[in-house]
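Me: Got a model here and want to talk through its packing. Can you take a look?

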Amino acid sequence: MYLEPITIAYLAMFALIALWAIILAFRWQSLPRFAGQVYDSNTEKGLLDARIDREGYIQAYTRAEAPRSGAWRCATSAVCLLLLPILVSFFGGLLQGIWDNLGVGFGPYGLGQIAQDFALFLLIMGVYAGILYVVTRYYYHRRPPSLNEEVTRLKQEAGL
């Protein structure tokens, strides 16, 4: 089975996104242990009141500092990579039809081919910009509270 270089590069991008997802999963899994270390260190140094519940702090830290935005970016990258061949096929066919109807001449280095390739690039980037806008808007409308907000809430719960 022969794979051309473009296909190998496309599959390599999937492998890199999978590696990114594995790293994010490891960070997410190790965050509660790290939050406990942060709590111990901050109470030891006097930066955090020791009367704040340790388990509550760990949960708050995990909620505030989880790599949620990285997970959203990773998932969006995977979706965009999956959409790439579909978008190239759709917009390439659409532009080819437009160019055929306009009678634009092609050739190996013809102006029509260069213009079509550039228009294809712009259309795909426009779709990606729209996807990123929607995902970013959704994420920031539902973003988790900051660690300072969580610590303030914990202090209020502890009566401090």
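Me: Leaving aside neighbours within four places in sequence, what is tyrosine 57 in contact with?
Reply: Tyrosine 57 touches Ala35, Val38, Tyr39, Asn42, Leu48, Ile52, Leu147, Val151 and Leu154. Contact means heavy atoms within 4.5 Å.

Me: What should I know about the model and numbering?
Reply: The model is predicted, so local features need pLDDT of at least 70 and side-chain atom pairs pLDDT 80 or more, while totals for chains, interfaces and linings use all residues. Residues are numbered from 1 along each chain as its sequence is written, and side-chain values use heavy atoms, with hydrogens and water left out.

Me: Which residues have the most contacts inside the largest nonpolar core?
Reply: They are Leu48, Ile52, Tyr57, Tyr61, Leu147, Val151 and Leu154, in a core of 15 residues. Such a core is a set of buried Ala, Val, Leu, Ile, Met, Phe, Trp, Tyr and Cys residues joined through side-chain atoms within 4.5 Å. Buried means under 20% relative accessible area (1.4 Å probe, protein chains only).

Me: Which elements give two or more residues to this core?
Reply: α1, α2 and α5 (147–158) do. α2 gives the most, with five residues. Helices here are DSSP runs (H or I, at least four residues), numbered from the N terminus.

Me: New topic. At roughly what angle do the axes of α1 and α2 cross?
Reply: Roughly 120°, and the axes come within 9 Å. Axes are lines fitted to C-alpha atoms over the stretch in contact, with angles from 0 to 180 degrees between N-to-C directions.

Methods
Buried means under 20% relative accessible area, exposed over 50%, partly exposed in between (1.4 Å probe, protein chains only).
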